[in-house]
Amino acid sequence: MTKITAKTEKKNLKTLDGVVVSDKMQKTALVLVKRYIKHPKYQKFITRTKKYKAHDEENVAKVGDKVTIKSCRPLSKDKSFMIVEVNGVKIK
């Protein structure tokens, strides 16, 4: 029988790069992530975009900043990412 400790490492955390499009919410930034994919049938490359709400504890991210976000536990109904880097500078 293996013993499970309180500190278990999470390995498969998703990290995404994007641009902040809104910072009007408290401790939250809206990040636009672009993906460049190939269409399965027509073999043409197309851009897909999606907006993610990301946790920003100190409100350091401003509109237009390039950020890196990492998945975490759900913090609200639709917020399950946190900001790790802003313009190449790590946070905390």
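Colleague: Which residues line the largest pocket?

Modeller: This is a predicted model. In this model, the largest pocket holds about 210 Å³ of space. Its lining is made up of His55, Asp56, Glu57, Glu58, Cys72, Leu75, Met82, Ile83, Val84, Ile91 and Lys92.

Colleague: Which strand gives the most to the lining of the largest pocket?

Modeller: Met82, Ile83 and Val84 are among the lining residues. The strand with the most lining residues gives three, and that strand is β5 (residues 79-86).

Colleague: Glu57 also meets another side chain in a salt bridge; which one?

Modeller: The count of salt bridges comes to two. In one of them, the N to O distance is 3.1 Å, and the partner of Glu57 is Lys27.

Colleague: How many residues apart in sequence are the parts that this pair ties together?

Modeller: Glu57 lies in the loop between β3 (45-55) and β4 (66-71), and Lys27 in the loop between β1 (15-22) and β2, so the parts tied together are apart in sequence by 30 residues.

Technical notes
Residues are numbered from 1 along each chain as its sequence is written. This is a predicted model: local features need pLDDT of at least 70, side-chain atom pairs count only at pLDDT 80 or more; totals for chains, interfaces and linings use all residues. Side-chain values use heavy atoms; hydrogens and water are left out. On a 1 Å grid over the protein atoms alone, a cavity is a set of points where a 1.4 Å probe fits but cannot get out, and a pocket is an open set with protein on both sides within 12 Å along at least five of seven lines; lining residues have an atom within 4 Å of a point. Grid points are joined across faces, edges and corners, and a volume is the space filled by probe spheres set on the points. Helices (H or I, at least four residues) and strands (E, at least two) are DSSP runs, numbered from the N terminus. A salt bridge is a side-chain nitrogen of Lys or Arg within 4 Å of a carboxyl oxygen of Asp or Glu.
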